Amino acid sequence: MSNNRHRRSRLCGLAIGSLALGAHAAPATEDLTEMSMQQLLDVEVVSVSKYAQTLADAPAAATVLRQSDIRQFGYRTLADILKGLRGFYVSGDRQYSYLGVRGFSPPGDYNTRVLVLVDGYRINDNIYDTGAIGGEFGLDVDLIDRVEVVRGPGSSVYGSNALFGVINVITRRGRDLNGGEASVAAASNDGREGRLSWGKRLESGLEVMVSASGLRNDGPTLNFPEFSATNGGVTSHTDFEHRRQFLTKLEYGAWSLTLMDSRRDKGVPTGAFGTDFNDRGNHIIDGQTSANLGYYGVLDSGAEVTGRLYAGNYGYKGYYVYGGTVNRDVSEGAWVGGEGRIVKALGDHKLVYGAEYQRNQRQNQSNFDANPLAYYLDDRRRSERYGIFAQDDYSLARRWVLSVGLRYDHASSVKSGGNVSPRLGLIHHLDDGAVAKLLYGSAYRTPNVYERYYQYPGQQLSNPALASERIKTYEAIWEKDVGPGFHLVGSAYYYRIRDWIVFQPQTDPFGTTVYRYENQSPVSAKGLEFEADRQWEGGVRTRASYSAQFAPERSNGGINQAPRHLLKTSLSTPLWSPAWRTGVEYQYMSSRTTASGRVGGYGLANATLLYVPQPRNFEVALSFYNLFDRRYADPASDPGLPNRESLVQDGRAWRLKLTVPF
């Protein structure tokens with residue numbers, strides 16, 4: 001049940017962390033550990049304004065992580081990658097991974113306020129608007145070339161969902177592989193992984209990349225004291241995960257075609273929503289398929305023209321056992337769409353403008369008992385949305401840039417379907433080499449069909465009258481090189497969010513506590529973020545960040561499960577020979593609010609050791625996660641178990657991985 005879906009979807013201090021760079025096919029300049037600080041500022045990012053610009057000139061606080069970072073720190077999922085970034089934090093309910101950013105993480109939010117892209121293509125589904133980041137993310141991280149993370153509102157170029165940021169995962173190309181690559185891994189809890197990829201740029205000019213991946217894991221043995229009457233509260237082999245992922249990329253001349261397909265079967269071991277505990281029949285199956293045809297060309301006038309046609313579908317099936325009866329929770333989404341944009345330089349102006357249209361052909365939700373057949377929900381809908389946008393980056397003077405952007409969006413699914421999203425940015429390159437940015441942005445999110453129409457007797461009510469969320473954000477950013485290989489970033493932000501949507505309890509006419517999504521009165525928050533990045537001689541790199549997030553913990557019955565403090569440190573360094581490298585990281589999160597109390601803060605250490613002989617004919621990585629076996633919990637929100645406010649997370653885990661190019 002989509003509450004079932006709550007289901008859904010989808011630090012003390014020292015540094016310790018993950019891993020190990022090895023050799024990879026990308027040029028050495030793409031390894032951020034080998035770049036000077038000036039080169040880091042000159043790294044190009046395309047996700048801020050939908051065209052390539054340097055990090056220093058982008059009207060946002062952006063971060064770029066390369067494939068080398070992923071290998072160095074042994075990241076297994078997109079969630080692992082985001083955990084290491086300043087201002088981001090992740091929690092989980094053993095079904096999906098949930099992303100918090102800038103002090104905003106209300107229960108019942110399935111990553112709807114961050115837009116997730118793959119090669120610029122929106123993967124937030126059209127039922128829950130979930131931006132998948134955990135095992136439900138449809139791409140093997142070994143196929144990631146880089147991840148561009150843009151903080152702050154992005155609706156001025158992307159439309160709905162980009163309230164707190166945009167995450168664009170850019171995949172590797174055939175030329176990056178330049179042949180075959182296979183990897184196998186063994187992990188804790190009888191985990192097994194495998195991947196087979198091949199890519200090449202052929203003499204005909206056709207560039208091909210194909211890959212297939214799979215994972216099986218039985219999951220740990222868990223103990224839930226609240227179920228002590230059943231098997232002593234102990235459950236084994238019910239937290240299993242099986243997944244497969246396929247990716248194909250074809251490029252020829254100005255044209256490209258990307259096909260993605262993923263499927264995951266995940267056990268639900270927690271007795272969620274009041275289901276029978278220790279029953280392996282409680283599980284969810286979800287997946288997404290997409291086709292994306294793109295065009296990029298340059299006109300005689302010098303204008304860059306980009307177009308895209310896409311189609312996708314999303315499926316979710318939840319199997320929940322109540323007294324031996326299997327309840328089925330099913331969602332089906334399908335969509336088609338297209339977008340186009342033009343980028344043109346005119347004197348001191350860099351103009352980008354475009355349009356986007358998407359038709360949601362299916363947005364279906366149902367819930368029923370399989371035997372005997374009994375329906376509780378059968379909701380079928382269609383909708384469409386479109387948007388037009390323009391942005392002008394104007395060089396006022398040699399060291400000044402003014403960025404002005406505006407987008408209008410219309411969604412047929414809500415009565416007040418029109419939204420206007422502006423963005424302003426003033427960027428100044430100071431005499432001492434520092435960069436200062438003053439930013440303003442507005443963004444919105446339309447309520448999704450799950451929030452508006454899902455209902456289940458005795459647990460969740462629908463609310464078709466939900467209004468769109470809107471946010472206004474003000475931010476100041478300062479970046480500076482303070483010495484050879486030493487870079488500092490500092491930012492301060494303030495935002496005010498109106499009509500924010502919260503999943504909260506209330507009493508129905510029969511006196512039963514049920515949950516419903518409700519708009520809340522406006523709230524405001526502010527925060528500070530700092531990061532220091534130092535590259536030493538010999539390939540050693542250290543990074544540390546601190547974030548302070550001052551956001552309301554409770555407002556008009558709504559709960560915000562956000563930590564006040566985040567501290568993150570990392571170290572990557574070669575060891576006794578160039579073939580050996582290690583990466584360690586330490587991540588601290590302060591306590592968070594629950595319905596009636598708090599869960600304590602904690603710090604986790606991860607470490608990876610990588611061996612890459614030269615010439616590179618194989619690569620071995622050994623990773624440890626939660627190295628010191630720290631016991632910690634995340635807040636829980638479960639309408640079927642309203643008295644449970646936290647869930648214990650995983651202890652120490654390991655993975656041994658072998659990668660062989662051929």
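Colleague: Which residue lies over the face of Tyr453?

Modeller: This is a predicted model, in which local features need pLDDT of at least 70, side-chain atom pairs count only at pLDDT 80 or more, and totals for chains, interfaces and linings use all residues. Residues are numbered from 1 along each chain as its sequence is written, and side-chain values use heavy atoms, with hydrogens and water left out. A charge sits over a ring if NZ of Lys or CZ of Arg is within 6 Å of the ring centre and within 35 degrees of the ring normal. At 3.4 Å from the ring centre of Tyr453, the residue is Arg381.

Colleague: How far is Arg76 from the ring centre of Tyr625?

Modeller: Arg76 lies over the face of the Tyr625 ring. Its distance from the ring centre is 3.5 Å.

Colleague: How many aromatic pairs are found in the whole structure?

Modeller: Rings of Phe, Tyr and Trp (its six-membered ring) pair if their centres lie within 6.5 Å. A search of the whole structure on that basis gives 27 aromatic pairs.

Colleague: What is the angle between the planes of Tyr98 and Tyr110?

Modeller: Planes under 30 degrees apart count as stacked, over 60 as edge-to-face and the rest as tilted. Tyr98 and Tyr110 are 5.7 Å apart, centre to centre, and their pair is tilted, with planes at 50°.

Colleague: Why does this pair tie together parts that are apart in sequence, and how many residues apart are they?

Modeller: Strands are DSSP runs of E with at least two residues, numbered from the N terminus. Tyr98 lies in strand S5 (residues 97-101), whereas Tyr110 is in the loop between S5 and strand S6 (114-118), so the parts joined are apart in sequence by twelve residues.

Colleague: Is Tyr110 buried or exposed?

Modeller: Buried means under 20% relative accessible area, exposed over 50%, and partly exposed in between (1.4 Å probe, protein chains only). Tyr98, its partner in the aromatic pair, has 12% relative accessibility and counts as buried. With a relative accessible area of 3%, Tyr110 is buried.

Colleague: Where is Val420 found?

Modeller: Val420 is exposed, because its relative accessible area is 52%. Tyr357, Tyr386, Ile388, Leu406, Tyr408 and Val420 make a nonpolar surface patch of about 560 Å². Strands S22 (383-397) and S23 (400-411) each supply at least two residues of this patch. Val420 itself is in residues 418-429, strand S24.

Colleague: What share of the 662 residues is buried?

Modeller: The C-alpha trace of the protein spans about 70 × 55 × 50 Å along its principal axes. Of its 662 residues, the buried share is 60%.

Definitions and conventions. Patches are made of residues with over 30% relative accessible area and no salt bridge: like charges are joined within 9 Å, nonpolar side chains (Val, Leu, Ile, Met, Phe, Trp, Tyr) within 5 Å. Accessible areas come from the Shrake-Rupley method with a 1.4 Å probe; for residues, only the protein chains shown count as cover. A salt bridge is a side-chain nitrogen of Lys or Arg within 4 Å of a carboxyl oxygen of Asp or Glu. Helices (H or I, at least four residues) and strands (E, at least two) are DSSP runs, numbered from the N terminus.
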